[in-house]
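I opened this entry to record what I looked up, one item at a time. The notes follow the order in which I searched.

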Amino acid sequence: MKSAPLYVREGRAINEAKGSLLVAKGIPGVQYNEMVDVRLASGEIRRGQAIDVSEDVIVVQVFGGVSELDLEDSAVRYKGDTLRLPVSIDILGRTFNGIGGPIDGGPPVVADEFLDVNGSPMNPASRIPPAEFIETGVSAIDGLNALVRGQKLPIFSASGLPHNQLTAQILRQASVKGAEGKFVIIFAAIGISYNDADFFMGNLEETGAMARTVAFINTASDPVIERISTPKLALTAAEYLAWNHGMHTLVVLTDMTNYCEALRELSAMRDEIPSRRGYPGYMYTDLAMTYERAGRLLGKEGSVTIMPILTMPDDDITHPIPDLTGYITEGQIVISRELERKGMYPPINVFLSLSRMIKEGIGEGKTREDHNNVFMQLYAAYAEGCYLREISTIIGAEALSDRDKMYLTIADRFEAEFISQGEVRRTVEETLDIGWKLFAALPKEELKLIKEEFIEKYLPSAD
Amino acid sequence: MGKIWRISGPVVIAEDMRGSQVFEVVEIGNEGLVGEIIGLEGDRAVIQAHEDTQGLKAGDEVKGTGGILSAELGPGIIGAIYDGLQKSLTDLMAGGNEFLARGIKSYALPRDKKWHFTPTVKVGDTVGGGSIIGTVPETGLIEHRIMVPPDKGGVVKAISEGDYTVEDIVARLEKDGEVQELTMMQKWPIKKPRPYSKRQPTERLLVTGMRIMDYMFPLALGGKAAIPGGFGTGKTVTLQQLVRWSQTHLNIYVGCGERGNEMADALYSFKELTDPKTGRSLEEKEIFIANTSNMPVVAREASIFLGITMAEYFRDMGYDVLLVADSTSRWAEAMREIGGRLEEMPGEEGFPAYMGSRLASFYERAGQVECLGSPHRMGSVTVTGAVSPPGGDFSEPVTQNTLRIVDAVYALDAQLANQRHFPAISWLTSYSLYADSVAECWNDIVPGWSETRTAALKMLQLEAELEEIVRLVGPEALPEKDKLLLLVSKMLREDFLMQNAYHEIDTYTTPERAQLVVQTIMKFNDLAQKALADGGNVAEFRASPVVRKISRIKDIPNETVEQSIKELWAEMEISLVAQKGGVA
């Protein structure tokens with residue numbers, strides 16, 4: 001256990017203040033990235049961080065900005081440590097703000113340990129590949145883009161789409177087979193509206209999931225700088241529960257777009273050279289430091305699974321935020337406006353969606369032996385149907401052959417019966433059986449991607 | 001020894017550093033973080049820290065190590081997992097380090113392990129730099145050949161067989177009255193290419209087992225290739241397939257700023273997989289460098305140079321080595337990040353102006369060479385780098401700079417990936433300049449490759465043109481011969497180019513088998529065209545059982561495939577001709 005330092009350093013010589021930065025005279029012993037309290041003349045205290053340290057000067061980034069700060073009567077107090085989260089098993093069921101203070105009216109956590117919120121990278125040689133299925137109860141995910149323990153699988157959405165509803169549904173329904181009692185949710189709200197945060201918390205409470213949840217809430221009206229620390233706190237809590245207590249943690253981070261916006265805002269204040277669309281050049285590394293904390297470790301029972309949610313600005317998947325995220329995460333679930341407009345729920349675009357870990361997480365002993373074949377064949381049939389649908393909009397469905405018309409129907413039925421399920425929970429077996437029901441409408445020769453033995457075993461007789 | 005004057009991100013400025021050299025490796029602070037001096041101004045040194053600098057203080061000490069960033073080369077390297085600075089991650093794991101704390105240290109080569117050394121030269125022989133003086137059976141697949149370092153050489157004064165550690169002296173040489181002591185380990189600065197005697201043309205085919213590569217856009221041993229593609233297009237799986245099945249002596253996988261879980265997945269799969277030729281574990285011919293995206297960004301820059309240095313070392317022994325780098329874009333971004341911290345004048349999109357030349361200096365270390373010293377031998381380094389263009393847009397600077405250097409490009413296509421056509425290598429935009437230089441080699445394996453390849457590529461090109469029309473008039477409005485072209489090119493795409501990396505048989509295809517499959521599809525085409533002229537129609541061909549059988553060739557084991565395909569040919573002759581009379 002690391003205890004707080006016995007003394008702090010305080011400096012009064014502030015030479016410059018601008019935006020969110022202040023430049024103070026150098027003090028020996030100040031650490032790079034150390035946490036700082038800035039005391040204003042009025043007595044108000046603001047948090048900050050030493051972002052450039054030298055013998056002569058120390059540059060402090062002040063969270064909340066330097067307004068009302070005067071160079072004469074303000075003081076900078078160096079706390080001798082970087083940001084840490086107090087943890088113990090009692091954090092379960094609690095709600096904290098973006099710097100780890102309790103906001104549920106309860107007492108502060110009696111800490112077993114104070115953990116550095118940045119964590120340390122996992123040794124790649126100590127990792128074990130994720131391979132255990134998490135059932136979300138949503139067909140488009142379980143059947144075609146399965147989530148596995150230790151994976152990081154984001155939801156790419158856009159404003160006005162039902163990503164909150166879908167996330168709440170997943171939180172409500174998700175289960176890990178054989179380890180139900182060890183499953184916990186870490187929920188981090190990053191710069192979302194008060195209403196959205198309230199929706200999630202209400203949902204967790206209603207379903208009785210709150211006792212196995214740890215929440216970190218930073219709403220749109222809270223300080224921007226705390227948006228940077230909120231996901232780090234959530235992941236520190238998750239790592240603690242996973243590696244010290246053997247729990248399977250599902251970390252939901254919403255909305256990572258706000259995190260990236262905060263990163264850009266702070267970077268601009270530091271006068272850094274911007275990269276694409278004004279986002280800092282290190283955004284990839286920064287996001288990776290967050291997402292790569294997911295995984296499983298050799299010899300440890302628990303796991304950290306991350307489900308970040310982000311809204312794509314202007315529905316653009318090539319925007320730097322979804323783009324860099326997609327390069328780090330192991331796939332993505334993409335919500336489609338087009339399907340939403342057709343009245344489908346959940347409106348998941350299965351072509352743009354992908355789970356890189358699906359191969360390891362499905363099959364005999366995990367879901368069902370035919371899962372992989374069903375998954376491949378469903379994709380192939382739906383792709384064929386969508387391709388023909390595109391052609392038929394130009395030449396008319398009448399000009400298509402009978403075989404092609406059959407695929408058109410399959411595509412429609414796939415959307416209506418498989419993807420669109422409403423807020424009901426489906427087991428993975430139910431999901432696969434819906435797939436087989438669709439296959440029954442096709443001639444057997446078309447099922448090229450399915451093993452004969454499965455066709456005999458699972459294909460219902462055509463009706 | 002000096003002390004820290006300023007810290008700003010990964011850039012540390014130290015004073016009292018007079019006497020240091022540029023690129024010298026230093027240890028910073030109490031934890032001894034590894035850093036590299038990248039500039040000297042008077043007695044101040046600008047240091048790039050290879051580890052997270054959080055918690056450092058002005059005044060902390062900085063120690064020089066006297067040497068520049070070098071790789072340790074010697075027995076014990078194969079099968080290891082290193083980070084970008086060649087710390088052994090397997091050793092750290094064995095020591096209980098599940099997380100990589102800062103300043104953590106480990107030797108690259110085990111110091112206590114003894115290897116059996118057998119000399120291949122005797123006392124009195126004269127050996128020059130690069131000459132092989134003995135061997136160590138490192139793994140069942142690779143014999144480690146101990147060489148005289150390139151800058152040494154002379155008359156052998158002492159050498160003897162026995163069990164040695166990498167630090168023990170195995171031989172003494174004398175030159176001009178000066179005695180040189182040789183161990184099995186040598187050190188080499190990673191940014192300096194290792195010398196060779198002569199470059200050679202790249203004319204030997206690298207068999208990768210991936211049909212679209214080997215057959216359509218073959219790569220040569222000693223070649224350099226890039227795989228650009230947006231996220232989710234299958235770069236990593238493609239590269240992993242390359243290091244799994246490529247018919248080389250040794251493969252090096254550099255995970256540079258990529259995913260930890262995928263790295264773990266690769267590591268685990270190599271433990272289980274066996275080499276198709278020898279039946280031995282693939283681990284015995286692999287080296288891994290894992291600098292995942294959350295590990296220190298500056299070490300990312302070193303990881304690529306570390307990998308290529310190791311590749312050259314094994315090349316110098318006379319081996320064919322394949323290096324894959326996933327991903328060079330992350331490497332370039334590390335340069336950008338560091339350049340930004342150093343307040344360098346940025347070039348295009350914030351990348352440093354020297355990015356192009358740095359990329360070239362890496363790719364140019366590929367090649368086939370005549371090695372230094374005796375005995376006379378040849379070795380090669382083949383380099384394949386993944387490129388991750390932002391937004392999948394190939395016009396961005398890293399892709400464009402890479403395309404200027406490499407001779408083969410396997411462009412991954414998001415459209416294909418969305419349709420789950422894997423490997424999503426586009427046959428319309430990919431190319432290989434080695435197709436001509438390895439043609440002789442290919443035609444030796446299977447006569448007639450050049451012709452069938454050209455015919456198949458042409459057919460796919462015609463299909464792409466026809467697709468435009470189909471989108472306007474629909475497939476049913478086409479004349480029969482065009483419908484047939486669509487059917488046959490679809491077979492080429494789905495039954496030949498598409499390949500399942502997770503399928504036991506389909507994952508690796510020999511050139512001979514690839515040729516049989518293409519011949520089958522071409523034969524189908526010929527027969528169907530004849531039948532068409534005799535009044536058949538494409539709808540009937542499509543329903544023919546041979547179409548389904550062709551699509552199932554993938555499931556036939558290698559032992560019986562030739563027999564099965566010959567039977568299929570016979571069946572095609574009968575069934576496709578029978579259409580003539582309208583009999584199904």
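This is a predicted model: local features need pLDDT of at least 70, side-chain atom pairs count only at pLDDT 80 or more; totals for chains, interfaces and linings use all residues.

**Two helix pairs**

I began with helix α10 (residues 371–395) and helix α11 (residues 402–419) of chain A: their axes come within 8 Å and cross at roughly 110 degrees. That angle makes α10(A) roughly perpendicular to α11(A). I noted the hand of the crossing of α10(A) and α11(A) as left-handed.

Which residues meet where α10(A) and α11(A) touch? From α10(A) I listed A381(A), Y382(A), E384(A), G385(A), C386(A), L388(A), R389(A) and S392(A). Their partners in α11(A) are D404(A), Y407(A), L408(A), I410(A), A411(A) and F414(A).

I then turned to chain B. The axes of α13(B) and α14(B) come within 10 Å, and they cross at roughly 165 degrees. An angle over 145 degrees counts as roughly antiparallel, so α13(B) and α14(B) are roughly antiparallel to each other. On the α13(B) side, the contact is made by E480(B), K481(B), L484(B), V488(B), M491(B), L492(B), D495(B) and F496(B). On the α14(B) side I found V517(B), V518(B), I521(B), F524(B), N525(B), A528(B), Q529(B) and L532(B). I wrote down a right-handed crossing for α13(B) and α14(B).

Is Y502(B) buried or exposed? I counted 12 other C-beta atoms within 10 Å of Y502(B), so it is exposed. I also checked Y502(B) against V237(B): they are 265 residues apart along the chain, yet their C-alpha atoms are separated by 9.8 Å.

**Domains**

I looked up the domain assignment of chain A. It gives domain 1 (9–78), domain 2 (84–361) and domain 3 (371–458). Seven residues from domain 1 of chain A and six residues from domain 2 of chain A make the contact between these two. The centres of domain 1 and domain 2 of chain A, over C-alpha atoms, are separated by 32 Å.

Chain B is assigned domain 1 (2–68), domain 2 (73–95 + 196–434), domain 3 (115–184) and domain 4 (446–581). Between the centres of domain 1 and domain 3 of chain B I read 37 Å, over C-alpha atoms.

**Inside**

How many residues are in the largest nonpolar core? I found 301, and A237(A), V251(A) and L323(B) touch the most other members. Helix α5 (residues 297–316) of chain B gives the most to this core, with twelve residues. In soluble globular proteins, nonpolar side chains tend to be buried together.

I followed up V251(A). Beyond its neighbours within four places in sequence, its contacts include I186(A), A234(A), L235(A) and A238(A). V304(A), T305(A), I306(A) and M307(A) are also in contact with V251(A).

Next I checked two helices of chain A. Helix α6 (residues 283–291) has eight of its nine residues buried. Among them are M283(A), Y284(A), L287(A) and Y291(A). In chain A, the buried residues of α6(A) pack against α4 (226–245), α5 (256–269), β18 (303–311) and α7 (320–328). They also pack against α5 and α6 (328–341) of chain B.

For α7(A), nine of the nine residues are buried, so this helix is largely enclosed by the rest of the structure. Those buried residues pack against β13 (155–157), α5, α6, β18 and β19 (331–335) of chain A.

Most residues other than glycine have a negative phi, and most peptide bonds are trans. I looked for exceptions.

- D315(A) is not a glycine, yet has a positive phi of about 55 degrees. I placed D315(A) in the loop between β18 and α7 of chain A. It has 17 C-beta neighbours inside 10 Å, so it counts as partly exposed.
- Q86(B) is not a glycine either, and its positive phi is about 65 degrees. It has 25 C-beta neighbours inside 10 Å, so it counts as buried.
- D326(B) and S327(B) are joined by a cis peptide bond, with omega about 10 degrees. S327(B) is in the loop between β24 (320–326) and α6 of chain B.
- F422(B) to P423(B) is a cis peptide bond, with omega near -10 degrees. I found P423(B) in the loop between α9 (414–418) and β28 (431–432) of chain B.

Note on methods:
Residues are numbered from 1 along each chain as its sequence is written. Chains are lettered from A and ligands numbered from 1 in the order in which they are written. Domain bounds come from an automatic or database domain assignment. A nonpolar core is a set of buried Ala, Val, Leu, Ile, Met, Phe, Trp, Tyr and Cys residues joined through C-beta atoms within 7 Å. A residue is buried if 20 or more other C-beta atoms lie within 10 Å of its own, exposed if 12 or fewer, and partly exposed in between; C-beta atoms are placed from the backbone. Helices (H or I, at least four residues) and strands (E, at least two) are DSSP runs, numbered from the N terminus. Axes are lines fitted to C-alpha atoms, for helices over the stretch in contact, and angles run from 0 to 180 degrees between N-to-C directions. Angles under 35 degrees count as roughly parallel, over 145 as roughly antiparallel, 65 to 115 as roughly perpendicular and the rest as oblique. A crossing is left-handed if the near helix is turned anticlockwise from the far one by less than a right angle, and right-handed if clockwise.
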